[in-house]
Amino acid sequence: MGQPDQFAKRTFADGTERITGGAVAWQDPPEIGLVKVQSDGLLLVRHPDRVAALPAPWPEARLHEEILVELKMPGDHLGFPAVERALLRRQARQVQRAEESARGWLGQEPLWLVAPHVPDWLRAQRALVAIGPACYRVEPSPFPFLWIAANELPLRDELVPFLVARSGRALDEFARWVAPRMPLAWVLGM
């Protein structure tokens, strides 16, 4: 008994150039080294009804059991490759959930990317639909993808986890605002 996948690959390798008159060629893919693929965190939604009255992006959590979170802090790269790596980590979690599910989970793992701002290249290449102040649904996307621009968020106690990703003057403003609201150890850690 032969191996069907090897036969299919050989068929592509042997026939592609001939069939397309040299317009398309087959190449064996390079190995992709994935030693460790780990996101920054997961938000586990335990009581969806309790987030409805909170400021955006929290109400979006009602629609999900969990949300993969990627944090891009000041100085982190926000270029195309950095976002693609975040999307890769989201896809890895998607596959992990599908394989682990005893119930046959067929959902789509949502991604919330928190960064100081929205990069210009993303604004030029994708549609950003505002769902609240500084919270944008990135479209098109086959899964729920939110970009949360921390520098633009209002200063609200409920948004502190997102606000820590601020940069520049927005970070200074946040530090002055949050200092009297948080324990000294937290402020010193920031």
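Tutor: Before we start, a residue is called buried when its relative accessible area is under 20%. Bear in mind that this is a predicted model.

Student: Thanks! Which is Trp 112, buried or exposed, and what about Phe 162?

Tutor: Trp 112 is buried, and Phe 162 is buried too.

Student: How many aromatic pairs are there?

Tutor: Eight aromatic pairs are counted.

Student: Why is the pair of Trp 112 and Phe 162 called tilted?

Tutor: Ring centres must lie within 6.5 Å to pair, with planes under 30 degrees apart called stacked and over 60 edge-to-face. The centres of Trp 112 and Phe 162 are 6.2 Å apart and their planes stand at 45 degrees, so this pair is tilted. Together with Trp 58, they form one aromatic cluster.

Student: What makes Phe 143 and Phe 145 a stacked pair?

Tutor: Stacked calls for planes under 30 degrees apart. For Phe 143 and Phe 145 the angle is 25 degrees, at 5.9 Å centre to centre, and the pair is stacked. Both Phe 143 and Phe 145 are buried. Over the face of Phe 143 lies Arg 90, at 3.7 Å from the ring centre.

Student: And why does Leu 88 count as partly exposed?

Tutor: Partly exposed covers values between the 20% limit for buried and the 50% limit for exposed. Leu 88 has 41% relative accessibility, so it counts as partly exposed.

Definitions and conventions: Residues are numbered from 1 along each chain as its sequence is written. This is a predicted model: local features need pLDDT of at least 70, side-chain atom pairs count only at pLDDT 80 or more; totals for chains, interfaces and linings use all residues. Side-chain values use heavy atoms; hydrogens and water are left out. Rings of Phe, Tyr and Trp (its six-membered ring) pair if their centres lie within 6.5 Å; planes under 30 degrees apart count as stacked, over 60 as edge-to-face and the rest as tilted. Buried means under 20% relative accessible area, exposed over 50%, partly exposed in between (1.4 Å probe, protein chains only). A charge sits over a ring if NZ of Lys or CZ of Arg is within 6 Å of the ring centre and within 35 degrees of the ring normal.
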